Amino acid sequence: CVPRPASMPRTEVKKIEQNVANMWKLHSDFGVEKEPENVFMAIISNRYALVKGTQMLRDELQLAFNSPSYRHSEHWANIGDGIMECGADLTTPSVLTTCGYTMCGDRICQSLALKRYQTMVAGRFGSMTESGETKPELFFATGGGTDSGPTLAHVTVGHALDARIKDNLYSGNADNFFLCNIDVCTHCGHLDIGSENKADFLGNTYAKVGTIYGLAQESELRDPRPCCGAIVGMITNFNMHNPVHVRLRSDLGEANWNYLAKNDIKADDGSPVKFLIAAAIIAIQGMRNTVDALGPGGELDERGLGHMTAQVQVNNVEGKETLLYCARSTVYGGVIMEQGLGTDATKYQAVMDGHNVRFLYDGKKDFPIVTRTYAMAGAKVAPAPVQQVANEMSVDGSKGKKNKNKQAGQDDSAKPVVAAAVPAVAEAGEAAN
């Protein structure tokens with residue numbers, strides 16, 4: 001096969017458009033500490049909605065259509081032509097999937113939640129080797145989030161979608177597409193105090209406070225320590241010569257850094273939460289940076305769909321983690337849609353439910369779907385079903401109301417958004433920030 005150019009003539013792919021529209025009708029609960037399985041099931045349901053009605057291609061053996069050289073491979077000599085029968089029939093509506101994940105390399109993160117992620121999420125949507133092992137893209141940036149959103153997007157797409165595979169996939173059926181799943185995660189410690197008074201690493205003593213966010217205890221045999229140390233250090237003792245501090249502060253935003261560095265933000269019961277807020281914002285901004293590379297940056301073409309999430313792993317003693325689901329986003333056909341917490345630290349309010357937190361954002365616990373658009377070669381208007389969903393969603397989650405003042409991304413702490421190309425869609429949401 002001759003590799004097809006990256007910029008291909010647009011094909012009307014109705015299945016992908018309808019699946020995106022249907023996914024956005026599913027409810028997700030953001031800003032609440034939950035068991036990892038609960039968050040992962042929400043992500044799984046979204047992604048199965050996106051591939052509904054297709055055969056999912058993730059097993060390398062399904063790609064046997066791409067390489068007749070298998071017949072002559074010494075490794076597969078005992079199988080003969082049988083290996084070619086593993087190749088997928090691309091005349092059937094098909095989707096090629098891949099899965100990428102980011103997390104801090106801190107050893108406290110390499111326990112239950114990560115193992116559950118690899119089994120539950122990556123095990124369903126990541127690529128699979130010929131021997132049946134899952135091989136997701138795993139990136140361990142210090143502090144979590146992303147070292148570089150454009151690089152994360154480029155390698156995750158590039159490793160999965162070879163030129164010849166793309167040519168065969170796209171030419172097999174008009175409904176065939178590529179799904180790139182990326183989950184951006186940071187982490188923050190969660191230390192339950194009980195009735196005992198404890199001093200944190202800043203020397204502050206908290207009496208009768210249930211939880212301190214930003215401290216973690218790996219074991220009952222160890223003392224509490226800052227967690228995530230990179231995020232805590234960036235806020236409390238910023239070092240301009242430390243590239244990790246510089247990157248995290250850039251993703252956090254200057255206005256947020258100044259606000260969090262100068263204020264002790266507390267939940268309704270007095271529990272300090274500012275480091276958890278910082279971790280959430282860094283994860284969300286990392287998600288947005290990567291989404292912008294997938295869509296406006298051109299990593300995905302008109303048959304490419306991106307689904308991304310932002311999460312904070314909350315580290316408890318002995319690996320009993322919870323997850324804070326911060327936001328979800330899709331990028332497809334010139335339209336970016338997002339839902340969840342935003343990136344303005346001043347709008348976060350924390351309410352404790354026992355020893356777990358719920359964040360309100362701008363006074364709300366239910367979050368609208370917001371949209372922004374980007375110019376895409378060959379795409380003059382947004383896909384009709386996606387545009388219809390965006391136009392129906394209001395700032396309070398009901399139908400029929402619109403706020404035309406802002407688009408997602410417009411606040412002091414977020415990166416500038418790409419100029420709108422489809423005003424009808426851009427009207428649908430207010431600022432996520």
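I began with the pairing of strand 12 and found 6 bridges between strand 12 and strand 13 (residues 335–340), the two running antiparallel. The model I am reading is a predicted one. Within this pair, I located Val 331 opposite Ile 336 of strand 13. I then inspected the hairpin that strand 12 and strand 13 form: 2 residues lie between the strands, and Gly 333 adopts a positive phi near 60 degrees.

I next looked up the other partners of strand 12. Strand 11 (residues 304–315) is joined to strand 12 by 9 bridges, again in an antiparallel arrangement. Here I noted Gln 311 opposite Tyr 325 of strand 12. Strand 1 (residues 33–34) also runs antiparallel to strand 12, with 2 bridges between them. For Lys 34, I recorded Leu 323 as the bridge partner in strand 12.

I then asked myself: is strand 12 buried or exposed? I found that 11 of the 11 residues of strand 12 (residues 322–332) are buried, so the strand is largely enclosed by the rest of the structure.

I checked the length of helix 9 (residues 274–294). Its 21 residues reach 30 Å from the first C-alpha to the last, close to the 30 Å expected at 1.5 Å a residue. I also looked up its burial: 21 of the 21 residues of helix 9 are buried, and the helix is therefore largely enclosed by the rest of the structure.

At what angle do helix 4 and helix 9 pack? I read an angle of about 55 degrees between helix 4 (residues 149–160) and helix 9, with the axes 7 Å apart. Helix 4 is therefore oblique to helix 9. On the helix 4 side, the residues in contact include Gly 149, Pro 150 and Val 157; on the helix 9 side, they include Asn 289, Thr 290 and Leu 294.

**Backbone exceptions**

I found a cis peptide bond from Cys 227 to Cys 228, with omega near 0 degrees. Cys 228 is placed in the loop between strand 10 (225–226) and helix 6 (229–236).

Asp 362 sits in the loop between strand 15 (356–361) and strand 16 (369–373). I classed Asp 362 as partly exposed because its relative accessibility is 46%.

Note on methods: Residues are numbered from 1 along each chain as its sequence is written. This is a predicted model: local features need pLDDT of at least 70, side-chain atom pairs count only at pLDDT 80 or more; totals for chains, interfaces and linings use all residues. Side-chain values use heavy atoms; hydrogens and water are left out. Buried means under 20% relative accessible area, exposed over 50%, partly exposed in between (1.4 Å probe, protein chains only). Helices (H or I, at least four residues) and strands (E, at least two) are DSSP runs, numbered from the N terminus. Two strands pair if DSSP finds at least two bridges between them. The expected span of a helix is 1.5 Å times one less than its number of residues. Axes are lines fitted to C-alpha atoms, for helices over the stretch in contact, and angles run from 0 to 180 degrees between N-to-C directions. Angles under 35 degrees count as roughly parallel, over 145 as roughly antiparallel, 65 to 115 as roughly perpendicular and the rest as oblique. Contact means heavy atoms within 4.5 Å.
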